[in-house]
Amino acid sequence: MTSLQARATETARAYAPHEHRPLAGYLVAMGAYGALAAGLAAAAKVTGRTPPERPALADVALISIATHKLSRLLAKDAVTSPLRAPFTRYTEPAGAAELNEEVRDSGSSVKHGIGELLTCPFCLAAWVATGLTGGLVLAPRLTRLAATALTATAVSDFLQMAYSMAKEKAEG
């Protein structure tokens, strides 16, 4: 009988025979996400906080825009590059105060999976939204305040870009 590790290795090889895919790293990430969600649920239970039956539309909008901004901030902003540096390598500026980075492939499936997660604002969005949504249950006033700052920053970003585009168009 083959070991579980040997079967996992064969499954990974059969899944992507021509390309390295960090399936073990993805499993670790999924486990960590599950732990985050379970931890938030446990914290709500212990503190006696109950989630609303239906979140307010204003909270959904606020958390949505804040999730967009925080996900991009974590995945692309130059200032947050020290958080990504152990898992990524700088490649070039991406315009509008963002960076392009590539995932370091150091042979560690977990490190590679974390690198992919940290460089993908779409991937990070689920984590950020879960954290902010949990925050609405556990610390609603503080979460709304932080989400308001992130939302204002996101709106400001779009206004800056619109201004820049209008200025370029006016100057011909």
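**Close-up views of a predicted model**

View 1. Leu159 sits in helix α7, which runs over residues 140–171. Helices here are DSSP runs of H or I with at least four residues, strands are runs of E with at least two, and both are numbered from the N terminus. The model is predicted: local features need pLDDT of at least 70, side-chain atom pairs count only at pLDDT 80 or more, and totals for chains, interfaces and linings use all residues. Numbering starts from 1 along each chain as its sequence is written, and side-chain values use heavy atoms, with hydrogens and water left out. Leu159 is exposed, at 57% relative accessible area. Exposed means over 50%, buried under 20%, and partly exposed in between (1.4 Å probe, protein chains only). Together, Ile65, Val155 and Leu159 make a nonpolar surface patch of about 250 Å². In such a patch, residues have over 30% relative accessible area and no salt bridge, and nonpolar side chains (Val, Leu, Ile, Met, Phe, Trp, Tyr) are joined within 5 Å, whereas like charges are joined within 9 Å. Areas come from the Shrake-Rupley method with a 1.4 Å probe, and for residues only the protein chains shown count as cover.

View 2. Asp59 belongs to helix α3, residues 57–76. Its relative accessible area is 13%, so Asp59 counts as buried. Beyond its neighbours within four places in sequence, Asp59 is in contact (heavy atoms within 4.5 Å) with Leu136 and Arg144. Arg144 and Asp59 also form a salt bridge, 2.7 Å from N to O. This bridge links distant parts of the chain, from Arg144 in helix α7 to Asp59 in helix α3, 85 residues apart. A salt bridge needs a side-chain nitrogen of Lys or Arg within 4 Å of a carboxyl oxygen of Asp or Glu. Arg144 is partly exposed, at 33%. The structure holds seven salt bridges.

View 3. Arg13 pairs with Glu10, with closest N and O atoms 3.0 Å apart. The two residues are three apart in helix α1 (residues 4–15), so about one helical turn separates them. Arg13 is partly exposed at 49% relative accessibility, and Glu10 is partly exposed at 43%. Glu102 and Arg89 meet in another salt bridge, 3.5 Å from N to O. Here strand β2 holds Glu102 and strand β1 holds Arg89, 13 residues apart.

**View 4. Nonpolar cores.** The largest nonpolar core has eight residues: Leu62, Ile63, Ala66, Val128, Leu132, Leu136, Ala147 and Leu150. Helices α3, α6 (121–138) and α7 each supply at least two of its residues. A second, separate core has five residues, including Phe87, Leu117, Leu118 and Leu124. A core is a set of buried Ala, Val, Leu, Ile, Met, Phe, Trp, Tyr and Cys residues joined through side-chain atoms within 4.5 Å. Not counting residues up to four places away in sequence, Leu62 touches Arg144, Ala147, Thr148 and Thr151.

**View 5. The loop at Ala96.** Ala96 lies in the loop between β1 (88–95) and β2 (98–103). It is exposed, with 59% relative accessible area. Ala154 is 58 residues away along the chain, and the two C-alpha atoms are 12 Å apart.

**View 6. Two listed spans.** An unreviewed UniProt entry lists residues 23–44 and 117–139 as "transmembrane region". UniProt positions follow the numbering used here, feature names are shortened, and annotations may be inferred rather than shown by experiment. Residues 23–44 are 100% helix and 0% strand, with end C-alpha atoms 32 Å apart. Residues 117–139 are 87% helix and 0% strand, with end C-alpha atoms 26 Å apart.
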